[in-house]
Amino acid sequence: MHPHKIYDYIERLSNLLRNDSRRGIAEFGLQPIQLEALHYLSICNRYSDTPMAATEYLGQTKGTVSQTLKVLEKKGLLSKHVDSHDKRVTHLKVTAAGQSVLQASIPSPLFVQGCTGLNAVAQREIEDALEKLLSTLQHSNNMKTFGVCSSCGYNQQNQDGSYLCQLTQEPLTSVEVQLICREHLAAA
Ligand code: SF4
């Protein structure tokens, strides 16, 4: 397939999802960027739930992300916590109210409906192809991959089934290895 065709499909899907998301979150008084930030903070690990990491992931300016986080905090959708080892670092945690907004909005009912029209094999093929495309674009732009911890080159699974991050030398839980990380090292 020609790159133009792939681009057209992805752009059309992006517009459709953005418009659908706008409609879905109107009842919560949120903007798409605010939902994106909330979503990111719900799927990232403890090394990545900082304002700086959110800024890198969202690809927005520091000012925009700072305003976005302020709104989310004011609405009670996220809370700030000072790091227990380094007082200069602030962690952002999605509150129960924030989780409720995410459950109602992501993925949107329209998107779920579209996916149920595809069988499991087709869904897997689309997932793999999009993952490959994203990874190629990130590598060619020297961007952080923000990949899932379990696929990271620093992730070590011990004989007893426990996990260790070889970068930080800290243990990881089975839940944490399913989250995304700003320090993720893509396999060579
Ligand atoms: S193993 Fe990789 S992805 Fe997981 S916490 Fe460590 S650096 Fe992050």
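This is a predicted model: local features need pLDDT of at least 70, side-chain atom pairs count only at pLDDT 80 or more; totals for chains, interfaces and linings use all residues.
Q: Let's start with helix 4; how many residues has it, and what does it reach from its first C-alpha to its last?
A: Helix 4 runs over residues 62-74, which makes 13 residues, and it reaches 18 Å from first to last C-alpha, close to the 18 Å expected at 1.5 Å a residue.

Q: Which residues of helix 4 are buried?
A: Val65, Thr68, Leu69 and Leu72 are the buried ones in helix 4.

Q: And where do those fall when you look down the axis of helix 4?
A: Seen that way, the buried residues of helix 4 fall within an arc of 95°, so they line one face of the helix.

Q: What do the buried residues of helix 4 pack against?
A: They pack against helix 2 (32-43) and helix 3 (51-58), and also against strand 1 (78-82) and strand 2 (90-94).

Q: Which exposed residues sit on the face of helix 4 turned away from its buried side?
A: That face carries Gly63, Lys70 and Lys74, which are exposed.

Q: OK, on to the pair; at what angle do helix 3 and helix 4 pack?
A: The angle between helix 3 and helix 4 is about 115°, with their axes 9 Å apart, and the crossing is right-handed. On the helix 3 side the contact is made by Pro51, Ala54, Thr55 and Leu58, while helix 4 contributes Lys62, Val65, Ser66 and Leu69.

Q: How many residues of that contact of helix 3 with helix 4 are nonpolar, polar or charged?
A: Five of the contact residues are nonpolar, two are polar and one is charged.

Q: What about helix 3 itself, which of its residues are buried?
A: Ala53, Ala54 and Tyr57 are the buried residues of helix 3, and, seen down its axis, they fall within an arc of 100°, so they line one face of the helix. What covers them includes helix 2 and helix 4.

Q: Switching topic, which residues other than glycine have a positive phi?
A: Phe146 is one of them, with phi near 50°, and Gln169 is another, with phi of about 60°. As background, most residues other than glycine have a negative phi.

Q: Where are Phe146 and Gln169?
A: Phe146 lies in the loop between helix 7 (120-140) and strand 3, whereas Gln169 is in the loop between strand 4 (163-165) and strand 5 (170-172).

Q: Where is the cis peptide bond?
A: It joins Ile106 and Pro107, with omega about -10°, and Pro107 lies in the loop between helix 5 (96-105) and helix 6 (109-116).

Q: Last one, what does Gln156 touch, leaving out residues up to four places away in sequence?
A: With those left out, Gln156 touches Tyr163, Leu164 and Gln166. Gln156 is in strand 3 (residues 155-157), and it counts as exposed because it has 12 C-beta neighbours inside 10 Å.

Technical notes
Residues are numbered from 1 along each chain as its sequence is written. Helices (H or I, at least four residues) and strands (E, at least two) are DSSP runs, numbered from the N terminus. A residue is buried if 20 or more other C-beta atoms lie within 10 Å of its own, exposed if 12 or fewer, and partly exposed in between; C-beta atoms are placed from the backbone. Two residues are in contact if their C-beta atoms, placed from the backbone, lie within 7 Å. The expected span of a helix is 1.5 Å times one less than its number of residues. The arc is that of the directions from the helix axis to the C-beta atoms. Axes are lines fitted to C-alpha atoms, for helices over the stretch in contact, and angles run from 0 to 180 degrees between N-to-C directions. A crossing is left-handed if the near helix is turned anticlockwise from the far one by less than a right angle, and right-handed if clockwise. Ala, Val, Leu, Ile, Met, Phe, Trp, Tyr, Cys and Pro count as nonpolar, Asp, Glu, Lys and Arg as charged, and the others, Gly among them, as polar.
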